[in-house]
Amino acid sequence: MLAYIFRRLFYAIPILIGVNLLTFALFFVVNTPDDMARMQLGVKRVTPEAIERWKVERGYDKPLFFNAAAMGVGQLTQTVFFDKSLRMFALEFGRSDDGRDIGNEIRTRMGPSLAIAVPTFLLGLYVTVSLALFLVLFRATALDVWGVVGCVMLMSISGLFYIIGGQWLVSKVWHLVPISGYTSGLDGFRFLILPVVISVVASIGANTRWYRTLFLEEISKDYVRTARAKGLSETTVLFRHVLRNAMIPILTGVVVVIPLLFMGSLLVESFFGIPGLGSYTIDAINAQDFAIVRAMVFIGSVLYILGLLLTDISYTWVDPRVRLG
Amino acid sequence: MPFQPVVLVTDALLFVLLGLIVGAVWRARRSPPMRRAWRDVGRSRSGMASATILVAFLGIGVADSLHYRPLLESAGGTKSSVYSAEVLSALDAALTPLRVRVERTYSAPLATRSFAKETIESESGAIARDYPRLQFAGAQLADPDRDRDQDVRNRLLRGIGLGLGAAVLTCLGLGTFLGRGQEGGCASGWWAILSGRTTVRWRAALITVLGLGAVIGGLAALAPVYHVFGTDKVGQDVLYLTLKSVRTALVIGTLTTLVLLPVALALGVLAGYLGGWVDDLIQYVYTVLNSIPGVLLIAAAVLMMQGLIDRHPEWFSTAAERADARLLALCCILGLTSWTGLARLLRGEALKLRELEYVQAARAFGVGTPRILLRHILPNVMHIVLIAVVMDFSSLVLAEAVLSYVGIGVDPNTISFGTMINAARMELAREPMVWWSLGSAFVFMFTLVLSANLFADAVRDAFDPRRG
């Protein structure tokens, strides 16, 4: 098991290098540091000296890949690629264009993101799996048919409308909770409840339908018939047998997103003014702050690879036949 | 010539796509298994109804893709004709009354007076604060406060009547055409359709045509004299904006898959069939792309593309061309980030197919690899491609709205659902609320995505061999 984990982590290195090369190509080769400086400084203040100063301040003045002027190893290390991309492997993200330390920002903003993402994830999973089981219990009845129709309708609504509609109805018409904002601690509960509920509702349509198909696929198998033949009640069959056997396909989709919860949700955080990583990313995109976007891309892919590894490990928990080796 | 045709790149690609669809239909008519599968699609009532609505949306999109530059009024007898820099479409021409009647600012649906109070100087010179009358909406009424409801009702009834009449005529034509081959003549064919006994659920389609006729008739009767869905901040008619958004949504939903298709097909099938280092390499590429969170990769690529386009204004002769290039680039970027899923499915299928007897036999006969791929593998993975194409459409339409909201979507000057929602979001804070642009974007988007979802379900049920 441990050997397997180490091997998988080792495989991750070429993938992360690939990710780095790709983002590096996107950000430095197509848009050279000169273009970036011109964009950041605005049209009025562009002088060759200003561009040069901007680049020196942010460390973009070195050659991209190969520094002929340096000696020895420095030929490779004193380059933009080494400084800006490879250093991320040591989790050194450098400074954003407005001069703040990105690593520090990420650490402080992780909390609010998780405060939204974790309850959303757990509640969403609970609600959608229960609804799906409920529909399967009443399969091939009018309730099931209309349930599926409802799911298709819910999944045809853009996430933007869920957020806008929810904010308008709950905060503006009913005045139940503040429309947006955030404080840490227990007091933050009233700020968190609306975004969490809205995110859960927005995920009901697609997820319920997906779990329903998973359960239906499982329910046509032989062991289910055997269980019924033993005289088990339909609910026991569903909860004790079908649910447990459907765990593998459920875990495949679910576990991989757990590490990504750190990244927060772009839309929800920006609509509700939550100072998490999602709104950080959106602000960076709007300000065209490439240093932050690059850091988030790197973190995102690390977390994704971690998620894949966790998925494999979780299989061994739910299915004793699976052995990692 | 009174106008100069303009073919934008997305127009051309959209027509290529239409051509491909027509070609595929032509081929499918001659292949019994394909005909059977499509008949299964037709057997679903929701599939038929949603297909009808999709055809209507496609009609709007195609009309909006026939672009031209109108001739300017020649000043001072110059011989050479000068064309306007503004690129219009056939839809714009049809909707001229909606396009040019721009009010000053917000007005509510069907309103005759402005949304906000203004200081008005009456003819006698007295100054009062009141809701001024709109410049265009309800201009034909002498006393709008008294006559408007009556007028709206009359026009609506007449419009719905006319629309229904036209729809009935269409249905009659269609039904007669469909029933012509029936034994017992037209009448029995008609009866079969009306009682819902045909294999293909034509009745569902015809009922949808009636509904569409009523809606279009009602809108067409009111739109020339009122702003049916109100006006936005700069006074543009919201109905016009919504109709224009349809093309953007269609382009994003279809062209994205069109540009990603060759890549996904080639890489997926090659990886699965050849195996070995080719498989390793292709898997590496798509694992790398997959491991970057989609939004971030799109953001990175779009930011880069924006920089590139901003630095080369000389590439484009009109603003429409530049917006179009951005739209196409967005499609390419979305395609680039989402081909991985399809490629993985195709790889798995090719892996399975290469072990089957008929492929083994072809190989034993000495058929070359390219020929096996083209003749034996490719036709047998096409159902996966078709299912992926129709399933992706709705999620792409939804993604466009989100991306435009985040600021990495279409050009801000391109009319799309995303830009409409983005603009409308600010208006929600007003008191009383400006809800109509959001509302109409919601209604149209919901209809489009819902029918796409229902149609995709019907197609998947018919083509996926795992579903009985």
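# Legends to the close-up views

**View 1. Strands S4(B) and S5(B) form a hairpin with 5 residues between them.** In its turn, Gly125(B) has a positive phi of about 100°. The model is a predicted one: local features need pLDDT of at least 70 and side-chain atom pairs count only at pLDDT 80 or more, while totals for chains, interfaces and linings use all residues. Residues are numbered from 1 along each chain as its sequence is written, chains are lettered from A and ligands numbered from 1 in the order in which they are written, and side-chain values use heavy atoms, with hydrogens and water left out. S4(B) covers residues 118–121 and S5(B) residues 127–130; the two pair in the antiparallel sense over 4 bridges. Pairing requires at least two DSSP bridges between two strands. Strands (E, at least two residues) and helices (H or I, at least four) are DSSP runs numbered from the N terminus. Glu121(B) has Ile127(B) in S5(B) as its bridge partner.

**View 2. An open sheet of 3 strands in chain B has the order S1-S2-S3, with antiparallel pairing.** Its edge strands are S1 (3–6) and S3 (88–89), each of which pairs on one side only. Strands of a sheet pair through backbone hydrogen bonds, either parallel or antiparallel. Between S1(B) and S2(B), the latter spanning residues 67–70, there are 4 bridges. Opposite Gln4(B) stands Arg69(B) in S2(B). S2(B) and S3(B) run antiparallel and are joined by 2 bridges. Here the bridge partner of His67(B) is Ser89(B), in S3(B).

**View 3. Asp279(B) and Arg347(B) meet through their side chains in a salt bridge, at 2.7 Å from N to O.** The pair links distant parts of the chain, 68 residues apart: Asp279(B) belongs to helix H10 (residues 276–291) and Arg347(B) to helix H12 (residues 319–353), both of chain B. Each of the two residues, Asp279(B) and Arg347(B), is buried. A salt bridge is defined as a side-chain nitrogen of Lys or Arg within 4 Å of a carboxyl oxygen of Asp or Glu. Buried means under 20% relative accessible area and exposed over 50%, with partly exposed in between (1.4 Å probe, protein chains only). Over all chains, the structure holds 21 salt bridges.

**View 4. A salt bridge at 3.7 Å (N to O) joins the side chains of Arg326(B) and Asp411(B).** Arg326(B) counts as buried because its relative accessibility is 10%. The value for Asp411(B) is 4%, so this residue is buried as well.

**View 5. Asp319(A) forms a salt bridge with Arg321(A), with the closest N and O atoms 3.0 Å apart.** Asp319(A) is buried, at a relative accessible area of 11%.

**View 6. Nonpolar side chains of chain A make a surface patch of about 850 Å².** The patch consists of Phe10(A), Tyr11(A), Ile13(A), Ile17(A), Leu21(A), Val29(A), Phe65(A), Phe66(A) and Phe89(A). Patches take residues with over 30% relative accessible area and no salt bridge; like charges are joined within 9 Å and nonpolar side chains (Val, Leu, Ile, Met, Phe, Trp, Tyr) within 5 Å. Accessible areas come from the Shrake-Rupley method with a 1.4 Å probe, and for residues only the protein chains shown count as cover. Phe10(A) lies in helix H1 (residues 2–30) of chain A. Its relative accessible area is 57%, so Phe10(A) is exposed.

**View 7. Arg209(A) touches residues of chains A and B.** Its contacts are Val148(A), Cys151(A), Val152(A), Met155(A), Asp457(B) and Arg460(B), not counting residues up to four places away in sequence. Contact means heavy atoms within 4.5 Å. Arg209(A) is part of helix H9 (residues 189–219) of chain A. With 15% relative accessibility, Arg209(A) counts as buried.

**View 8. Chain A is divided into domain 1 (2–90) and domain 2 (105–318).** The bounds come from an automatic or database domain assignment. Taken over C-alpha atoms, the centres of domain 1 and domain 2 of chain A are separated by 35 Å. In domain 1 of chain A, 20 residues are in contact with 17 residues of domain 2 of chain A.
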